Structures are given as structure tokens and as C-alpha cells.
Amino acid sequence: MLALWNGLGYNRRALALRRAAAVVAAHGWPDDLQALPGVGPYTAAAVASFAFGARVAAVDVNWRRVAHRFRAKRGWWSAPPGGPEVNQAMMELGATVCTARRPQCDACPVRTGCAGHADPPRRRSAGSFEGSDRQLRGRAVAALLAGRPLPGGVDRVLSGLEADGLVVRDPNGEPRLPRR
């Protein structure tokens, strides 16, 4: 699973997906999708909406930003509506038009009902990916998958990779990928 997932980021999600698939294969879909390994509120809502057509809001960061800006001056809904069409529209609008740093208010299809465009976007940095522990974790997993030596500085992230089940130690104490 890690070999297929490699390069997509957040490698531990690959392991959770594998465990969740095993549960579904053995027992079918649970009534509460959050009972599946690695599934939280957002993923449960997204799967329920997009896979099963449930009318629930799958609120991601883009969805939340559009709703916040639109309701900033309008007192929009208290419980957001959902469903695949609404979720897709909100996610797409937030990803392409109502962006975090450079919203394109002139191109927005709901501009006439939105006073949020008057609020300047908040500047917030998630930090640089270059040189981050996330980048180093990904490089370590990629090296193990390819049978290459681990990159320098990897010691600082190995314990986290082990805790997440992405790396185990062989009898000599050398890190390797788990065998499943």
C-alpha cells in the first residue's frame, strides 16, 4: 500500500486506508463511518456525501472559508446544508475563486450576496515544506521503498514513523518497512 501511496503525502493515511478496507471487506460498511480506522468527522461526512449521497456537510478548509466570508455580513445558515452537489460546489469555489490569499471576488458567482469580499484575507503561513519533518518523513519512506540509504537527519523523525506503524526495526535495529 505504501508503494502505491508514495508521493501523495501523509503516508500513515495509506495504512489507515488499508485497515479500513479490511474492516469493510470483512463486515461491510458500518452505520457510523467514524468506526473505521483513520476516519474522522470530515472523512466520514465526505464519504457519506460523495459515495452514498447523504445530505451532510463535508466541511473542509475551502468549504469553511466560503461559508465564513459569505455569512460574515449575512448571518447565513446555522446548520450548513450538505449533499454531494453542495459539497462539491463549496469545495470547488473555495479552491478556485474564493481562495485564501487572492480571492477573485469579481469572478465569484455569489458575489452579489456576499459581503465577505470586503474583509481582507488573513495572512497565515503553514510553514515551509522544504526542510520540514513532513518532507523528511516522506523522503525516508521513499528511500526505504526504493532500497536506498536513508537521508541525512532522518533520526529526528524515525520515532514518529515507528509510532505511526510506517517503520519497524529489524533484529539489528535498522529501520525497514513493515511487512503485511
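Predicted model: local features only at pLDDT ≥ 70, side-chain atom pairs only at ≥ 80, totals over all residues.
Q: What relative accessible area does R12 have?
A: Residues are numbered from 1 along each chain as its sequence is written, and side-chain values use heavy atoms, leaving out hydrogens and water. On the scale used here, buried means under 20% relative accessible area, exposed means over 50%, and partly exposed lies in between (1.4 Å probe, protein chains only). R12 falls in the partly exposed class, with a relative accessible area of 45%.

Q: In what order do the elements of the protein chain run from the N terminus?
A: Helices (H or I, at least four residues) and strands (E, at least two) are DSSP runs, numbered from the N terminus. The protein chain has seven helices and two strands. Read from the N terminus on, the order is α-α-α-α-α-α-α-β-β.

Q: Which element of the protein chain has the highest mean pLDDT?
A: Across the protein chain, pLDDT averages 83, and 87% of the residues score at least 70. Residues 75-79 stay under 50, and the model gives them seven contacts (heavy atoms within 4.5 Å) beyond four places in sequence. Among the elements, the lowest mean, 76, belongs to helix α1 (residues 2-5), and the highest, 92, to helix α3.

Q: What share of the contacts with a separation of 6 or more joins residues 24 or more positions apart?
A: For an overall picture, start with burial: 32% of the 180 residues in the protein chain are buried. Turning to contacts with a separation of 6 or more, the share from residues 24 or more positions apart is 44%.

Q: How many residues apart in sequence are the parts that D164 and R12 tie together?
A: Side chains of opposite charge can pair when their charged atoms come close. D164 and R12 form a salt bridge (a side-chain nitrogen of Lys or Arg within 4 Å of a carboxyl oxygen of Asp or Glu), with their closest N and O atoms 3.1 Å apart. D164 sits in the loop between α7 and β1 (168-169) and R12 in helix α2 (residues 12-27), so the parts tied together are separated in sequence by 152 residues.

Q: Which residues are linked with R12 in a network of salt bridges?
A: The count of salt bridges comes to six. D164 is partly exposed, at a relative accessible area of 24%. In the network, R12 is linked with R137 and D164.

Q: Is D106 buried or exposed?
A: The side chain of D106 meets that of R111 in a salt bridge, 3.8 Å from N to O. R111 is partly exposed, at 34%. With 74% relative accessibility, D106 counts as exposed.

Q: What N to O distance goes with the salt bridge of R169 and E162?
A: R169 counts as partly exposed at 37% relative accessibility, and E162 does too, at 30%. Their side chains meet in a salt bridge with an N to O distance of 3.3 Å.

Q: How are helices α4 and α5 oriented to each other?
A: Axes are lines fitted to C-alpha atoms, for helices over the stretch in contact, and angles run from 0 to 180 degrees between N-to-C directions. Helix α4 (residues 61-71) packs with helix α5 (residues 84-96) at about 85°, with the axes 7 Å apart. Angles under 35 degrees count as roughly parallel, over 145 as roughly antiparallel, 65 to 115 as roughly perpendicular and the rest as oblique. The two helices are therefore roughly perpendicular.

Q: Which residues of α7 meet α6?
A: The axes of α6 (residues 133-146) and α7 (residues 155-163) come within 10 Å and cross at roughly 75°. That makes α6 roughly perpendicular to α7. From α6, the contact uses D133, L136, R137, A140 and V141; from α7, R156, V157, G160 and L161.

Q: Which residues does V141 touch, not counting those up to four places away in sequence?
A: V141 lies in helix α6 and counts as buried at 0% relative accessibility. Its C-alpha is 9.1 Å from that of A3, although 138 residues separate V141 and A3 in sequence. Beyond four places in sequence, V141 touches N11 and L161.

Key: pLDDT = per-residue confidence, 0-100.
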